[in-house]
Amino acid sequence: MSSNLTRFTRRSVMAMGAALAALPFLPGEAHALTVAEARGLIDRVVADVNSVINSGRSEAQMISDFESILVRYADVPIIAQSVLGPPARSASRAQLNTFTEAFQGYLSRKYGRRFREFIGGEIIVTEGRAVQSFFEVISTVNLRGEAPFELRWLVSDRSGQDRFFNLIIEGVNLMVTERTEIGAMLDRRNGDIDALTADLRNAG
Amino acid sequence: MTAATDDPLPRSHASFRRFLLCAPLLVMLAACGPATLPPGDAITDPSEAQNRAVHRGNVALDRALIGPTADAYGRAIPDPVRTGISNVAANLGEPSNVLNNLLQLRLGQAVENTLRFAVNSTIGLAGLLDPASAIGLPEQDTNFGETMHVWGVPEGAYTYLPVVGPSTSRDTVGLIVDIATNPVRIFLPAPESSYATGAGILSRINDRHEFDNTIDSIYDDSADSYAQLRSLYIQNRRFQLRGDDEVDYFDPYGDLPTGVAADPLNDPYFDPYEDPYVQ
């Protein structure tokens, strides 16, 4: 009886060891994002942003450059869904897709236009660390003739890819701010997501 | 027996003695710990209708007077002069900062701000320059609103003040206390104290000029500039009060379904064009 139990335990331990060893090779199992990888992502974003703000290109070109950066490095679908809030749950798949696309253009125009103020400046990544269930990467923005300020990026791999999903400057958080703004726009349109999407194409 | 004969401290130290009497009270207040700071930008706004009316008045005042004045000031006066005037105004705010640092029992900051005031008032040519920042004593602005926060007083409701703009019920009380107790206003003689007020107003006008693009984009482009300004103010104010404390970020992935059973209609990454046979 006792020897049976021992054998059984030994076998299960061996099986578990084999399973654990095989774990990294299992298909569909997302690898865990590390601080270094989160920081690496923001290093690439910042390098792209720095080259845009010092490219000497026109405002319209900078806006389109900013949109490419968003598409490449940001988790726009989760930002759009989160900013829309509870109404996102009752929206159809098609409604959400067109909203996300319009929202991406709106974000690019609204924030891309402000890139003009960054011309001649530089962003430097200083620190990365794990917070809650994601990563926070801290960078310093040095603008000409202004005191440097901190720009924080939140990075997650929950989309299946390493992406940033939020930006924070002096405590002001992109997602929270846009949720208030998009919420106000939605209220104005009596909760009509299609009307909101149509107007977002011209906003920002 | 009278207080005067028995008193170990001379009469001139009466106010200091009063401060010493308050000290245990301060320790008790500080021991209560700071008020909790809610995450995000949610705040009660019970006087919203009235606040919105004041906001409309402030926007009108900005369009008619403050905006154009700031524009003219920014164009007429060279940047170094404007910065110098703003530095003077900031330097004259240091005694009030030190007073609040003492009430907050942040004695290190009280010492740093005292040194800042000493360095900038002398080597910094009466505050025109800011050499203190260059030698590792950066500006650490505070106010009585923060002092009350340190004592555990919650922010209260959102309030919107004429001319001044966004505030909370606690910070409105703080603003009044700061004006009433400002050592510079109390101790500076007649003509100089009005120069101090003048520098303070010019500093605000310079801020309006420096942040022109941001302010215009809120007033002109926002769907609801009142709600947007409230959100920005509350987020930034809580950030100032939080200091180095950890912030509780909203996790947008928190309520996201995970695994194979995720509902494609609720999955923000669902791609309707995806090839289902690709492995």
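A: A residue counts as buried if 20 or more other C-beta atoms lie within 10 Å of its own, exposed if 12 or fewer, and partly exposed in between, with C-beta atoms placed from the backbone. The model is predicted: local features need pLDDT of at least 70 and side-chain atom pairs pLDDT 80 or more, while totals for chains, interfaces and linings use all residues. Residues are numbered from 1 along each chain as its sequence is written, and chains are lettered from A and ligands numbered from 1 in the order in which they are written.

Q: How much of chain B is buried, then?
A: Of its 279 residues, 26% are buried.

Q: And which helices and strands does chain B have, in number?
A: Chain B has 13 helices and two strands, taken as DSSP runs (helices H or I, at least four residues; strands E, at least two) numbered from the N terminus.

Q: How many residues does each chain bring to the contact?
A: Chain B brings 25 residues and chain A brings 27, contact meaning C-beta atoms, placed from the backbone, within 7 Å. Helix H13 (residues 225–242) of chain B gives the most to that chain's side, with eight residues.

Q: Changing topic, what is the strand order of the sheet in chain A?
A: The order is S1-S2-S3-S4-S5 in an open sheet of five strands with antiparallel pairing; a pair requires at least two DSSP bridges.

Q: Why do S1 and S5 of chain A each have a side without a neighbour?
A: S1 (122–131) and S5 (172–173) of chain A are at the edges and each has a single partner strand, so one side of each lacks a neighbour in the sheet.

Q: What joins S1(A) to S2?
A: Nine bridges join S1(A) to the antiparallel strand S2 (residues 134–142) of chain A, and Glu127(A) stands opposite Ile138(A) in S2(A).

How values were computed
Two residues are in contact if their C-beta atoms, placed from the backbone, lie within 7 Å.
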